[in-house]
Amino acid sequence: MKKILLFFVVGLSVLVVAVVVGLGIFIGPIVKAGVETMGPKITQGPIKLEAVRVSLLSGSAMVKGLVVGNPEGYKTSQAIKLGTASIKVDPLSVFSDKIVLQEIHVISPEITYDGGLKGNNLSKILDNVNALAKKDEAAVSNTATAAKDEG
């Protein structure tokens with residue numbers, strides 16, 4: 001019985017370590033894919049990202065080569081271009097009410113304002129983000145109401 005329990009504990013420990021190491025290795029590509037997949041649906045414009053690096057242990061993250069394109073109807077191709085941005089947080093603060101940012105670095109930011117009588121690109125992107133957020137709020141509210149009615 002003790003051998004089975006010991007085997008289970010060792011196996012579980014190895015599995016946890018493998019998941020943490022795998023997450024540490026693949027979190028950057030996962031975030032990059034998520035931004036490039038979901039970002040255009042949120043902003044209604046193309047988004048490209050060259051690289052993402054995340055270190056869970058040190059609490060640091062870096063984004064390189066972010067380009068947020070304009071929604072349809074604007075003359076310029078991009079609204080925001082970012083060379084590199086990095087942050088460092090106190091890793092233990094993530095589990096508290098306040099997240100402590102130790103460093104923020106932004107290198108080579110470019111913001112293109114494309115405006116006219118009907119508005120501007122930056123406001124349109126913000127409107128697109130807010131519209132999706134309101135849809136999500138409504139969906140959560142409807143789900144909560146339905147659950148309350150069933151219970």
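Reader: Glad to look at this one with you! What is the relative accessible area of Glu36?

Author: Happy to start there, and please keep in mind that this is a predicted model. Buried would need a value under 20%, and exposed one over 50%. Glu36 falls in between and counts as partly exposed, because its relative accessible area is 27%.

Reader: Which residue forms a salt bridge with Glu36?

Author: Side chains of opposite charge can pair when their charged atoms come close. For Glu36, the closest N and O atoms of the pair are 3.1 Å apart, and the cut-off for a salt bridge is 4 Å.

Reader: Which helix holds both Lys32 and Glu36?

Author: The two residues are 4 apart in the chain, so about one helical turn separates them. The helix that carries Lys32 and Glu36 spans residues 2–43, and its label is H1.

Reader: How many salt bridges does a search of the whole structure find?

Author: Another joins Glu50 and Lys64. The search of the whole structure gives a total of 2.

Reader: How far apart are the closest N and O atoms of Glu50 and Lys64?

Author: On the lysine side, Lys64 is partly exposed, because its relative accessible area is 36%. For the salt bridge of Glu50 with Lys64, the distance between the closest N and O atoms is 3.6 Å.

Reader: Which strands does the pair of Glu50 and Lys64 link?

Author: Glu50 and Lys64 form a salt bridge. This pair connects distant parts of the chain, 14 residues apart. Glu50 lies in strand S1 and Lys64 in strand S2.

Reader: Moving on to open space, which residues that line the largest pocket are closest to its centre?

Author: The largest pocket holds about 240 Å³ of space. Its lining has 13 residues, and those closest to the centre are Ser55, Leu56, Gly59, Pro91 and Val94.

Reader: How many charged residues are in the lining of the largest pocket?

Author: Strands S1 (47–55), S2 (60–69) and S3 (78–89) each supply at least two residues of this lining. Sorted by class, the lining has 10 nonpolar and 3 polar residues, while the number of charged residues is none.

Reader: What is the area of the nonpolar surface patch that includes Val9?

Author: Val9 is found in helix H1. Other members include Leu5, Phe8 and Leu12, and the area of the patch is about 760 Å².

Reader: Is Phe95 buried or exposed?

Author: Phe95 is found in the loop between S3 and strand S4 (101–111). Its C-alpha atom is 23 Å from that of Gly34, 61 residues away along the chain. The relative accessible area of Phe95 is 74%, therefore this residue is exposed.

Reader: Where is Gln44, with its positive phi, found?

Author: Gln44 is not a glycine, yet its phi is near 65°. At 48% relative accessibility, Gln44 counts as partly exposed. Its place is the loop between H1 and S1.

Reader: And what is the phi of Ser108?

Author: Ser108 lies in strand S4. With a relative accessible area of 47%, Ser108 is partly exposed. Although Ser108 is not a glycine, its phi is positive, at about 60°.

Notes:
Residues are numbered from 1 along each chain as its sequence is written. This is a predicted model: local features need pLDDT of at least 70, side-chain atom pairs count only at pLDDT 80 or more; totals for chains, interfaces and linings use all residues. Side-chain values use heavy atoms; hydrogens and water are left out. On a 1 Å grid over the protein atoms alone, a cavity is a set of points where a 1.4 Å probe fits but cannot get out, and a pocket is an open set with protein on both sides within 12 Å along at least five of seven lines; lining residues have an atom within 4 Å of a point. Grid points are joined across faces, edges and corners, and a volume is the space filled by probe spheres set on the points. Ala, Val, Leu, Ile, Met, Phe, Trp, Tyr, Cys and Pro count as nonpolar, Asp, Glu, Lys and Arg as charged, and the others, Gly among them, as polar. A salt bridge is a side-chain nitrogen of Lys or Arg within 4 Å of a carboxyl oxygen of Asp or Glu. Buried means under 20% relative accessible area, exposed over 50%, partly exposed in between (1.4 Å probe, protein chains only). Patches are made of residues with over 30% relative accessible area and no salt bridge: like charges are joined within 9 Å, nonpolar side chains (Val, Leu, Ile, Met, Phe, Trp, Tyr) within 5 Å. Accessible areas come from the Shrake-Rupley method with a 1.4 Å probe; for residues, only the protein chains shown count as cover.
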